[in-house]
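Please consult the sequence and the structure shown here.

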Amino acid sequence: FPVVQPDGSVQMADRSDDLVKRLKELKFDAIVNIGGDGSQKISKALYDKGLPIIGVPKTIDNDLAATDVTFGFQTAVQIATDSFDKLVTTAESHHRVMIMEVMGRDAGWIALHTAIAGGAEICLIPEIPYDIHKLVRRLNLRYKKGRGFANIVVAEGAKPKEGTITSRTGDKGSEHVRLGGVAYQLSQQLKDAGCKAEIRETVLGHVQRGGTPVAFDRVLATLFGVKAFELVLANDFGKMVSFRNNTITAVTLEEATSSHHVVEKDSYLVQAAKGLNISFGD
């Protein structure tokens, strides 16, 4: 936690013991922590300090490996796909290359699902660094005598094979840098590498995190909630509810946070996308 010092400087302090003490003083019977990878790591740390805690996996990034899917993800994909469909229309009518940036710091699930659902020509994700020259060759083939169009989905954490991620200093107290703006960097890279088409960029940003949840997420969240309270009533703490093999179950917080759920390069989803002629620039 960032603590401002008398001289105006900021020092980081571990306030978890204060939190545990206060919650025990207030005599909470249980804590249900709803969130993604970072939130569940906090759950694990607080459980190790003696708090009766249950985790519920909620994140649009779908980056928790101990569950097949997190709630929030399908809604974010739907919002991104709806936006992408609108860009396809204007790309075709104006013969442009449209770049749409979606969230995805370390995991490219939103970008990959949106690219397949929307029929993108190019999908760029953090797990597969791209070659800008391959992308330019692909785009130029889409044009003949100045006519043609192409649509690109890029995750905010995507990066070229030779280069770095697009970022800036994060908020005080955050362990992450701030991402965003890769669409504009990619646009300039394409132009510098010889892309002949006119390019436009769209950054969805936090639009993906709001709106009306799709039915799938509503049902999944409700089932997670029921399972969480079953665990509470059974005093079975230190667990995170999970959706595995079409069943609502639970895993230990240690298992839930032991690995990151990212897109594997040789996964069926990636191979299917390539079968649809979607390029990852690799």
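Helix H7 supplies the largest share of the lining of the second largest pocket, three residues. Helices are DSSP runs of H or I with at least four residues, strands are runs of E with at least two, and both are numbered from the N terminus. The model is predicted: local features require pLDDT of at least 70 and side-chain atom pairs pLDDT 80 or more, while totals for chains, interfaces and linings use all residues. Residues are numbered from 1 along each chain as its sequence is written, and side-chain values use heavy atoms, with hydrogens and water left out.

**The second largest pocket**

This pocket has a volume of about 200 Å³. Of its 16 lining residues, Lys 58, Ile 60, Gly 72, Thr 75 and Arg 209 are the closest to its centre. A pocket here is an open set of points on a 1 Å grid where a 1.4 Å probe fits, with protein on both sides within 12 Å along at least five of seven lines; lining residues have an atom within 4 Å of a point. The volume is the space filled by probe spheres set on the points. Helix H3 (73–94) and helix H7 (215–233) each contribute at least two lining residues. The lining is divided by class as follows.

| Class | Lining residues |
|---|---|
| Nonpolar | five residues |
| Polar | seven residues |

**Helix H5**

Helix H5 spans residues 132–140, and its buried residues are Ile 132, Leu 135, Val 136, Arg 138 and Leu 139. Because they cover an arc of only 165 degrees around the axis, they lie on the same side of H5; the arc is that of the directions from the helix axis to the C-beta atoms. Buried denotes under 20% relative accessible area, computed with a 1.4 Å probe on protein chains only. The buried residues of H5 pack against strands S5 (96–102), S6 (122–124), S7 (143–144) and S9 (150–155), and against helix H6 (182–192). At the start of H5, a side-chain oxygen of Asp 131 comes to within 2.9 Å of the backbone nitrogen of His 133.

**Ser 267**

Ser 267 is located in the loop between helix H8 (253–256) and helix H9 (268–275). Ser 267 counts as buried because its relative accessibility is 18%. Its side chain reaches the backbone oxygen of Glu 264 at 2.9 Å.

**The chain as a whole**

The protein chain has nine helices and 14 strands. Of its 282 residues, 45% count as buried.

Note on methods: Ala, Val, Leu, Ile, Met, Phe, Trp, Tyr, Cys and Pro count as nonpolar, Asp, Glu, Lys and Arg as charged, and the others, Gly among them, as polar. Buried means under 20% relative accessible area, exposed over 50%, partly exposed in between (1.4 Å probe, protein chains only). Contact means heavy atoms within 4.5 Å. A polar contact is a pair of N or O atoms within 3.5 Å; within protein, one must be able to donate a hydrogen and the other to accept it, and residues adjacent in sequence count only if both atoms are side-chain atoms.
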